[in-house]
Amino acid sequence: MAAYIAKRLIAAIPVLFGLTIIVFLIMAMIPGDPATAILGSYATPENVARLNRDLGLDRSLPEQYFIWLGNLFQGDLGRSYTLNRPVLDEVLERFSATLILAGTSLILCSIFGLLAGIASAVRQYGWTDKIVTLLVLIGISTPSFWLGLLLILGFAVNLRLFPASGMYAIYGGGDLLDLLHHLALPALTLSVVATGVIARLTRTAMLEVLRQDYVRTARAKGLTESRVIFRHAFKSALVSVIPVIGIQAGFVIGGAVYIETVFQWPGIGSMLVKAISTRDLLLVQGGVLVVAAAYVLFNLVADVVQTLLDPRLR
Amino acid sequence: MRKWLTAAIATALMALALAPAAVAQTPPNVLVVGQIAEPKSLDPQAVTAVNDFRILVNLYDGLVRYKDGTLEVEPSLAESWTISEDGKTYTFKLREGVKFHDGTPFNAEAVKFNFDRMLKEDHPFADTGPFPLAFFFSAVEEVTAVDPTTVEFKLDAPYAPFLSNLAYPTGLIVSPAAVEKYGKDFGRNPSGTGAYKFAEWEPNAKMVATRNEDYWDGAPELEAVIFRPITDANTRIAEMLSGGLDIMVEVPPDSLQQFKSSSDFTVREQAGPHLWFLILNTKEAPFSSKAARQAANYAINKTALVDNILQGTADVAAGPTPPAFAWAYDETLEPYPYDPEKAKELLKEAGYDGEDVTFYVTEGGSGMLDPVAMGTAIQADLQAVGMNAKIETYEWNTFLGNVNPGLEGKADMAEMAWMTNDPDTLPFLALRTDAFPDKGGFNSGYYSNPKVDDLLEKARQVTDQSERAALYKEMQKIVQEDAPWVFVANWKQNAVTAATVADFKLQPSFFLMLQDVKKP
């Protein structure tokens, strides 16, 4: 197992390395440059040239890339032009905020997705199944940024039960309760689509398993229905659902871009959007690198968990 | 199975109940301001965005500042000044007994340090930049601390906008001791002489400034001001409606009505030194002809643009100088009326035979208001007089990269907007022959009129305000007649305040002065 994990981690290195080159090239290819973005209306060729020199952007592209790479090996991701602070500080702070949001959403969508999937499989073609399928369909088709705005309108503006934006209260607060209070609406919004996907797949997987002979045997043995479903059927259905949850983890982090913008959650998605529009190359590089590394890691974790659950894969 | 579902629902409900019953209102005597973005830095010399200026003017003072409600300068850290006969030496008498927030004294040496840091590449703290707007002071040759309360600026040529540039945030004075202490991180540990002291900056969440008890111009009443960055306009509105903000700036036109009709909020508007215009390519047909350029000015229904698309958040522009520069603005100037018939006649006179014109439109950008909708409406107006404009839309940075080098061979017209601090800036950088793109200026449409060049040069050299005003007024008449641009709109900035906020006023400079604001 350890050897397998090590092999997967080593295989991820060239992927990440290639990714940094691609990001660097794309950022170099898109028109506009940080100096123009900073100077705006005042971007005369003279001012742009002077600022580029001050920012170290007058060097050749390969030179810039290798300087970046060299610094990376020393744990230095450079300094953001637009934020005037070390990229590493910003990226880690932002990424932990995204992890809190995406992690909570992932837990929510796993719980609700699995439960909904099981419920509709057990009552196939019954009312529960029909209602759950309808809800799942609505969930999958709802644009999450729109849902987010509706929730803000309902729960923050009208009912004033939850804050409209941010991660902590602006004065006081700062504890876990405060965080959960701020987390409720964005995490719920972010989990809706993934809940639908997981529910549908759980339903399919469960239906497959429930038809198996050993389930009939278990029932024939006189086990209670809940024991049959959760102990026997669900455990093997989970094996095919786990990789989907792993993929959803990636989607949830991707989807966080919108949700972070709508709820002003200080995560890495909204940071990247801003960094790209201001051509903040180093910030984009640092952010993409961390997100990609997390993606690789999540898929690895999903694979490992699957292997642990399914003896056939060992 | 049922039990499981019941348990899950109960857990979810408990999670909701966990939350405190109601969201707290903002506390008394603390003002929460909704900003449109995270500040880049709190080093006034390192930033370029109005969003940052709104904070900085409350933390720092300059030698001079804009008089309340105007764009005219008045004393601030300098009590008085004299200008030499040749207009090249400015001597400032400084206010005595003023201290920076870090306790070090404000004096002539501190002023010299500020300008040397920005302008001299060999200054020991030049590496705390870059200073993108340092060229505002590029005329400064030498700054001398004559004695602790006297500082002298030597310019390489007479430069009348110098005083209003000093009133701009790039001229705010920072504490040299704090720069020495924090180096490159000064922008996150700012120290000035302003009405509020920097207290805390939690990235992407809030920036807190507290009352400066020793403020030389009278300590403010508010205990603290909290600036919150909320980038999404809809979220900002929701936060304002739910009571999480006391002041919100840049309200989108669509939402203004909602706030206006509620007694919980006050909407304020103030015209600023902003101009939204179309650059016309005067080098190539059809706009090489003055008649065709005037035709475009007649053809476009500016009142409809301002009323329908911008929903009253702007006024119709008459010429190249915004009315906010009251002292330099020619009040007799009337905007080109909407007159499609006259436009058709003029196009005929220009010999225009219906060839397509290329129209650069941007998706967004600072001061560009609603550029796509405005571009489309303009296209329709031109179509109505027989001119077929083909729109090419670009993202803002790409757009600037296309427009700034000049329109020749690429486009016939382009949208543009400027916000400036002196009536000199925009025409000097964008209407002179010496400001053609290949000479490092912004005259992307290649307008050239020796008379205008002459007036603008002269206006820089005379230091008497009424003499300068006369020159600018003459320039405006000529430029309006020559029509190198289509003059469209002057933006009114707006802000919404909670009903509890008193004595708040928007300034034509677009800065957010909070010294006198009260919120019991």
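Why do the end C-alpha atoms of helix 5 (residues 87–122) of chain A lie 50 Å apart? At 1.5 Å a residue, the 36 residues of this helix should span 52 Å, which agrees with the 50 Å between its ends; the expected span is 1.5 Å times one less than the number of residues. This is a predicted model, in which local features need pLDDT of at least 70 and side-chain atom pairs count only at pLDDT 80 or more, while totals for chains, interfaces and linings use all residues. Residues are numbered from 1 along each chain as its sequence is written, and chains are lettered from A and ligands numbered from 1 in the order in which they are written.

**Helix 5 of chain A**

- Helices (H or I, at least four residues) and strands (E, at least two) are DSSP runs, numbered from the N terminus.
- Of the 36 residues of helix 5 of chain A, 26 are buried, so the helix is mostly covered; buried means that 20 or more other C-beta atoms, placed from the backbone, lie within 10 Å of the residue's own.

**Where chains A and B touch**

- Chain A gives 56 residues to the contact and chain B gives 51 residues; two residues are in contact if their C-beta atoms, placed from the backbone, lie within 7 Å.
- On the side of chain A that touches chain B, the elements giving two or more residues include helix 5, helix 8 (176–210) and helix 10 (225–263) of chain A.
- That side of chain A divides into 34 nonpolar, 15 polar and 7 charged residues. Nonpolar covers Ala, Val, Leu, Ile, Met, Phe, Trp, Tyr, Cys and Pro, charged covers Asp, Glu, Lys and Arg, and the others, Gly among them, are polar.

**A sheet in chain B**

- Chain B has an open sheet of 4 strands in the order 4-5-7-6, with antiparallel pairing; strands pair if DSSP finds at least two bridges between them.
- Strand 4 (78–83) and strand 6 (140–147) of chain B stand at the edges with a single partner strand each, so one side of each has no neighbour in the sheet.
- Strand 4 and strand 5 (residues 89–94) of chain B pair in the antiparallel sense over 5 bridges.
- W81(B) stands opposite F92(B), which is in strand 5 of chain B.

**Chain B as a whole**

- Chain B has 15 helices and 18 strands.
- Its C-alpha atoms fill a box of roughly 85 × 75 × 40 Å along the principal axes.
- Buried residues are 52% of the 520 residues in chain B.

Methods: A residue is buried if 20 or more other C-beta atoms lie within 10 Å of its own, exposed if 12 or fewer, and partly exposed in between; C-beta atoms are placed from the backbone.
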